[in-house]
Number of protein chains: 2
Amino acid sequence: MNRTLVEELNNKLGEIAKVQGWVQRIRKLGKIAFIILRDRSGSVQCVVNTKNIDINGLKLESVVEITGKVALEKNIEIQLISLDIISEVEENIPIEINKDKIQANLDTVLNNRVLSLRHKTINSVFKIEACLAEAFEEFLIEHDFTQIFTPKIVAGGAEGGTEVFELKYFEQKAYLAQSPQFYKQMMVGAGYERVFEIGHVYRAEEHNTNRHLNEYVSLDFEMAFIEDENNIIDIETELLKSMIEKVKSKCQKELEILAAELPEIKDKIPSMQLPEAIKILRDVYGKDDLVKDIDPEGERLISKYVKDKYNSDFVFLTHYSAEKRPMYTMPTGDGLTHSFDLIFRGVEITTGGQRIHSYEMLKRNMEVKGLNPEDFQDYLQVFKYGMPPHGGLAIGLERLTAQLLGLKNIREAALFPRDRERITP
Amino acid sequence: MNRTLVEELNNKLGEIAKVQGWVQRIRKLGKIAFIILRDRSGSVQCVVNTKNIDINGLKLESVVEITGKVALEKNIEIQLISLDIISEVEENIPIEINKDKIQANLDTVLNNRVLSLRHKTINSVFKIEACLAEAFEEFLIEHDFTQIFTPKIVAGGAEGGTEVFELKYFEQKAYLAQSPQFYKQMMVGAGYERVFEIGHVYRAEEHNTNRHLNEYVSLDFEMAFIEDENNIIDIETELLKSMIEKVKSKCQKELEILAAELPEIKDKIPSMQLPEAIKILRDVYGKDDLVKDIDPEGERLISKYVKDKYNSDFVFLTHYSAEKRPMYTMPTGDGLTHSFDLIFRGVEITTGGQRIHSYEMLKRNMEVKGLNPEDFQDYLQVFKYGMPPHGGLAIGLERLTAQLLGLKNIREAALFPRDRERITP
């Protein structure tokens with residue numbers, strides 16, 4: 001007999017079916033016992049007559065095969081005919097995973113990652129994360145972007161600023177890429193014009209916060225022949241609509257489990273120049289410590305402001321100061337840049353903008369930033385040979401997932417997070 | 001006026017259109033000149049009356065915007081009205097990329113990667129590679145697999161054998177993952193049952209061959225509740241059919257440019273037990289140096305044998321010796337294993353099989369292999385808590401692409417290859 005998934009049992013009412021999965025719960029009630037069996041698609045109650053079948057010694061989380069008659073009582077259930085243990089549990093499981101909530105702190109949850117992932121709420125997070133990645137890819141392929149895979153082992157150090165992990169590469173020193181920035185721009189110049197990448201990036205940042213990981217998945221795209229950053233903003237707006245739409249339609253069950261409320265995006269996401277945002281923060285909230293840049297508290301407040309005023313969970317902040325942006329950022333000419341961040345429910349989830357495409361301007365800007373153009377030869381060279389106007393962005397997948405689902409710590413949106421201390425499991 | 005892509009010009013016959021792209025070729029013929037303009041979708045001839053428009057000084061590979069009337073002569077062409085330079089070429093390009101073939105050796109091609117990627121044959125390779133990745137993902141999502149992103153920074157060393165890159169991770173030592181093997185198995189045990197990952201893997205192998213990279217993209221999947229390795233073989237057969245079908249339908253133009261001949265997969269791919277293959281190699285080809293394993297020459301010969309006898313470009317070799325397979329490989333009990341390789345046109349492109357799911361068996365097998373179970377605690381622990389029977393495989397994306405397109409060196413299928421010496425560009 002073929003296996004039936006739990007979610008397909010409703011097609012087999014009255015028939016004998018075989019299910020396979022984990023023993024999630026056992027409840028004994030006199031001569032009757034109830035086993036909740038869980039597979040990747042859901043869980044089902046199996047009713048056992050203990051006079052006929054002995055389930056003493058059956059352990060929680062064992063992998064079993066059950067055959068029985070599919071019946072509809074209050075819910076669909078299986079009237080158990082036979083039970084075989086496929087894979088035994090060798091010792092008692094260290095955390096309880098069959099209650100509504102896991103009663104353990106995040107460290108314990110992460111130390112017992114594989115078990116905790118069996119819990120339906122935690123499990124659902126990563127179904128939704130997978131769906132977001134799928135939707136990102138699908139939308140961009142539809143819009144004629146080419147998927148690329150660029151190296152994470154790189155010769156050069158940082159773009160300027162952030163710390164990088166160093167690596168012994170045979171006789172050479174190498175580093176882990178902190179972003180695919182240079183490579184995606186190079187691929188635009190290689191004639192692909194529109195490229196995207198879903199891949200790991202690495203930040204050797206010392207701080208250990210609720211919203212940083214030292215290894216995370218970056219959703220990147222870059223595109224040529226734009227007018228300015230507004231083309232990127234427009235595409236991101238459509239992209240996010242499409243991603244949220246996909247999660248809504250494909251992950252209904254998971255959204256319910258997580259009691260997650262997805263944001264709505266109207267035609268346009270409100271947009272505000274950073275100097276204006278800084279002024280509002282000062283005037284409305286009395287926050288007067290911001291000069292030319294915004295901090296996490298400012299992001300939270302401006303997000304609240306926009307939510308109250310425009311009922312939007314999202315806000316684009318634009319025109320960041322040239323001083324505060326990387327050397328490849330296109331300047332406006334008055335000290336600001338054609339760049340933006342997207343703030344979502346108080347947290348920045350995207351950085352993007354138009355890039356410099358002129359060789360001379362880029363070289364000059366490196367010097368202005370105190371960088372040596374010699375250190376960026378492979379990157380810089382490309383700009384000598386006909387680089388179209390272009391721009392792009394990066395979205396942190398774990399951060400987007402965490403914000404979307406209201407998770408308090410970004411580690412909850414990373415399967416096996418890497419932070420200041422943690423490199424296991 | 002909006003930009004029209006070259007491939008869309010046929011919808012604009014007789015109209016004025018604006019195109020943007022690179023100047024691929026310039027040919028002067030008295031008062032007439034021909035400019036070939038190339039964008040991401042193709043190239044088109046633009047006819048210039050040099051009495052009206054001066055194109056002296058126009059450099060190859062400049063980025064330009066051209067408006068003109070779309071006309072159908074022998075092919076579609078643009079009768080140029082205006083030409084604007086969007087982005088200038090700063091110095092002469094170091095390699096010729098507008099001939100049928102690039103006349104440069106692979107090292108020069110890779111040193112000038114971005115320019116060489118503008119050449120239509122090289123460009124096409126990576127459109128097809130992207131399509132293969134897309135099709136892999138699409139097929140598996142359709143078959144209820146969940147995409148996962150597992151860490152590449154890992155605490156433990158190797159699975160046993162292969163060299164790993166070491167990394168300074170703050171105060172700790174860490175390594176770059178040589179495969180997502182442990183993590184994808186853990187995710188099966190985490191209840192997802194069916195998972196896949198598209199991600200980089202790292203091999204610190206000293207040798208510098210035509211078919212190895214030190215960083216490459218691995219297409220991995222793993223699934224639960226299988227009978228044995230034949231379930232994996234069956235899924236891979238369907239998966240490859242689907243991937244080839246997708247390339248055929250989506251990349252017709254690129255296949256023509258590359259004069260690539262895609263293989264046909266009949267219902268089943270021929271399958272042969274390794275001991276039988278070794279016997280054939282001895283009896284038919286006089287190759288008598290193989291004991292319990294096969295080498296690259298053997299793979300080439302058995303591939304030829306199968307091609308001649310069964311007219312198949314693919315052959316599954318199964319039942320590899322337990323001695324030669326990693327410790328997680330499910331043994332058959334007679335010294336062989338439930339594992340397989342897929343050989344495609346003489347080269348191994350997949351390794352897969354059923355894995356051990358019993359804690360005790362896995363621990364014992366580690367010891368048999370001379371490994372210390374203590375070193376694999378995070379992985380091993382999972383097997384204590386109900387691990388279903390499972391198996392999976394890995395396909396090297398660059399190797400598959402190279403074999404599919406008849407490329408002689410795997411570096412030709414890597415955008416920015418990393419090998420024994422190369423970490424730039």
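UniProt positions are given here in the numbering used for this structure, with feature names shortened, and annotations may be inferred rather than shown by experiment. This is a predicted model, so to speak: local features need pLDDT of at least 70, side-chain atom pairs count only at pLDDT 80 or more, and totals for chains, interfaces and linings use all residues. Residues are numbered from 1 along each chain as its sequence is written, chains are lettered from A and ligands numbered from 1 in the order in which they are written, and side-chain values use heavy atoms, with hydrogens and water left out.

Q: Which residues does UniProt list for "binding site"?
A: The listing comes from an unreviewed UniProt entry.

Q: Is A:Arg211 buried or partly exposed?
A: Strands (E, at least two residues) and helices (H or I, at least four) are DSSP runs, numbered from the N terminus. On the scale used here, buried means under 20% relative accessible area, exposed over 50%, and partly exposed in between (1.4 Å probe, protein chains only). A:Arg211 has a relative accessible area of 21%, so the word for A:Arg211 is partly exposed.

Q: What is the relative accessibility of A:Glu398?
A: A:Glu398 belongs to helix H11 (residues 397-405) of chain A. Leaving out residues up to four places away in sequence, A:Glu398 touches (heavy atoms within 4.5 Å) A:Glu129, A:Leu213, A:Tyr216, A:Val217, A:Ile410, A:Ala413 and A:Ala414. A:Glu398 counts as buried because its relative accessibility is 6%.

Q: How many residues of helix H4 of chain A are buried?
A: Helix H4 of chain A covers residues 181-192 and is mostly covered. Among its buried residues are A:Phe182, A:Lys184 and A:Tyr192. Just after the helix, A:Glu193 takes a positive phi of about 65 degrees. As for the buried count in helix H4 of chain A, that's twelve of its twelve residues.

Q: What is the relative accessible area of B:Gln185?
A: Over in chain B, B:Gln185 is found in helix H4 (residues 181-192). Beyond its neighbours within four places in sequence, B:Gln185 is in contact with residues including B:Glu222, B:Tyr328, B:Arg355 and B:His390. B:Gln185 is buried because its relative accessible area is 0%.

Q: What is the area buried between chain B and chain A?
A: The contact takes 100 residues from chain B and 100 residues from chain A. Buried area is the accessible area (1.4 Å probe) that two parts lose on being put together, summed over both. Carbon and sulfur atoms give 60% of the total, which is about 8300 Å².

Q: Which three residues supply 10% of the area that chain B buries against chain A?
A: That share is more than any other three residues supply. The trio is B:Arg40, B:Phe149 and B:Tyr385.

Q: How many salt bridges are there between chain B and chain A?
A: A salt bridge is a side-chain nitrogen of Lys or Arg within 4 Å of a carboxyl oxygen of Asp or Glu. One of them pairs B:Glu193 with A:Arg3, with the closest N and O atoms 2.9 Å apart. The count between chain B and chain A is ten.

Q: Why does the pair of B:Glu91 and A:Lys384 join two chains?
A: The side chains of B:Glu91 and A:Lys384 meet in a salt bridge, 3.5 Å from N to O. B:Glu91 lies in the loop between strand E5 (76-87) and helix H1 (106-111) of chain B, while A:Lys384 lies in the loop between helix H10 (377-381) and strand E16 (390-396) of chain A, so the pair joins chain B and chain A.

Q: How many residues apart are A:Lys152 and A:Glu197?
A: A:Lys152 and A:Glu197 form a salt bridge, with the closest N and O atoms 2.9 Å apart. A:Lys152 is in the loop between strand E6 (146-147) and strand E7 (153-154) of chain A, and A:Glu197 is in strand E10 of chain A. Both residues are buried. The pair links distant parts of the chain, 45 residues apart.
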